[in-house]
Amino acid sequence: MAFSFELLKTDRNTAARRGLVKTSHGDIETPVFMSVGTFGSVRALDHHDLENIGVQIILGNTYHLYLRPGAETLKRCGGYHGLIHWNRPILTDSGGFQIFSLPHQRVITENGVEFRSYLDQAPRFFSPESNIQFQEVIGSDIMMVLDVCVPSTSSRDIAARAMERTHRWALRCKNAQQNHENALFGIVQGAIFEDLRAESAQALSEMNFPGYAVGGLAVGETDEEREHFTLYTAGRLPQDKPRYLMGVGTPHDLVRSIRAGIDMFDCIIPTNHARQGVAYTFSGKVKLRRAAFAVSNEPVDSSCACFVCRRYSRAYLHQLIKCDEPTGWRLVGYHNTWFYERLMERCRTEIINGTFDRFSENFLRTVED
Ligand SMILES: [Zn+2]
């Protein structure tokens with residue numbers, strides 16, 4: 001079945017939306033948080049965990065998958081779904097963000113971007129066309145265009161030139177797409193300049209993508225700037241297409257961005273912070289490394305229904321994290337991923353009930369981020 005998006009409800013008091021994405025690997029209720037599975041695994045969790053948690057879609061990183069395992073292996077294993085034995089939806093980024101984060105190891109021309117493999121230093125090249133060709137080998141349900149990422153603190157001139165090239169590349173990506181069962185999203189750039197963001201949203205909307213991402217945020221701007229530009233950009237994108245805020249964020253970022261009209265998120269926080277012993281709950285963060293938890297028989301969150309909270313104490317998790325035990329990363333990562341899913345579920349319910357404004361204001365005011 002081809003990709004589609006249905007807008008089920010728009011909140012009356014905020015720009016929040018409740019929607020349904022359909023893909024050939026199943027439906028996705030939005031707003032949705034996507035767990036990041038960089039190398040084929042959401043760190044320390046297996047697919048059985050993800051299914052139990054209710055994870056609807058995972059994200060794969062094209063840059064990493066291109067270098068390892070590479071196109072030949074993916075082709076022989078039935079794409080990324082076949083290789084990793086995951087039959088729910090997958091989204092892939094284009095790898096642009098990772099490549100542009102290597103300032104001394106890449107050369108960008110109008111034709112594409114040349115970069116070096118971090119595995120063997122061999123030169124590699126992505127054009128917009130070859131990037132889409134590779135994402136089609138991955139077989140992702142949602143692909144992203146190859147864009148030109150610059151820090152959000154860039155000068156207007158640099159931001160404008162990156163944006164213009166992003167638009168030309170977006171069109172080339174669109175023309176390179178062969179498999180129209182899967183969706184290709186455009187990415188709005190323009191750093192923190194209102195006129196550029198508006199121009200970018202307009203130019204990409206005219207290209208008629210099935211979905212749009214807000215790129216180039218969470219890379220150097222302040223929280224206030226991020227909030228402003230999320231709202232500003234989301235409001236300039238078509239109502240009837242899903243909107244994805246890339247690489248964001250904390251529970252507050254998510255709730256604030258849902259208020260701004262964003263439908264999709266991804267971030268490494270739930271599993272990455274787990275390693276440092278940071279657990280997220282509806283009453284704020286629990287820093288499990290703190291000495292006070294060494295003898296606490298309480299669960300991380302007594303109101304949480306995840307298996308970690310039903311079985312284990314803060315004292316046990318404190319011990320595992322202090323000793324750098326992988327089981328500790330897994331248990332805290334499981335709880336955090338569970339929490340992010342429940343937070344999204346809660347937001348979806350509040351939007352449908354017409355109570356999201358009150359819920360989100362209260363959450364932002366009372367829950368420590
Ligand atoms: Zn829990």
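**The zinc site and what lies around it**

A: Cys-304 is buried, at a relative accessible area of 12%. Buried means under 20% relative accessible area, exposed means over 50%, and partly exposed lies in between (1.4 Å probe, protein chains only). The model is predicted, so local features need pLDDT of at least 70 and side-chain atom pairs count only at pLDDT 80 or more, while totals for chains, interfaces and linings use all residues. Residues are numbered from 1 along each chain as its sequence is written, and side-chain values use heavy atoms, with hydrogens and water left out.

Cys-304 gives its SG atom to the zinc ion, together with Cys-306 (SG), Cys-309 (SG) and His-335 (ND1), at 2.1 to 2.3 Å. Donors are N, O and S atoms within 2.8 Å of the metal (3.2 Å for Na, K and Ca); water is not among the atoms, so sites may look incomplete. The angles among the four donor atoms run from 99 to 116°, and the site is tetrahedral. The ideal angle for four tetrahedral donors is 109.5 degrees.

Along the chain, the donors have the spacing C-x1-C-x2-C-x25-H. Distant parts of the chain are linked here: Cys-306 sits in the loop between strand S16 (284-287) and helix H12 (307-311), and His-335, 29 residues apart from it, in helix H14 (residues 326-353). Helices (H or I, at least four residues) and strands (E, at least two) are DSSP runs, numbered from the N terminus. Another cysteine, Cys-323, is partly exposed at 43%. The structure has zero disulfides, a disulfide being a pair of cysteine sulfur atoms within 2.5 Å.

Next come the aromatic rings. The whole structure has 19 aromatic pairs; rings of Phe, Tyr and Trp (its six-membered ring) pair if their centres lie within 6.5 Å, and planes under 30 degrees apart count as stacked, over 60 as edge-to-face and the rest as tilted. The ring centres of Tyr-63 and Tyr-118 are 6.0 Å apart and the planes stand at 35°, so this pair is tilted. Tyr-63 belongs to helix H2 (residues 62-67) and Tyr-118 to the loop between strand S8 (112-116) and strand S9 (123-126), so parts 55 residues apart in sequence are tied together. Tyr-63 is buried at 3%, whereas Tyr-118 is partly exposed at 33%.

Helix H14 returns in a second pair. Phe-282 and Phe-339 have ring centres 4.9 Å apart and planes at 70°, so they meet edge-to-face. Phe-339 lies in helix H14 and Phe-282 in the loop between strand S15 (278-281) and S16, so the pair ties together parts 57 residues apart in sequence. Phe-282 is partly exposed at 30%; Phe-339 is buried at 3%.

Elsewhere, helix H10 (residues 251-259) is largely enclosed by the rest of the structure, because seven of its nine residues are buried. Among them are His-252, Leu-254 and Ile-258. Just after H10, Gly-261 takes a positive phi of about 100°.

Note on methods:
Tetrahedral: all angles 85-135°; square planar, octahedral: opposite > 155°, others 65-115°.
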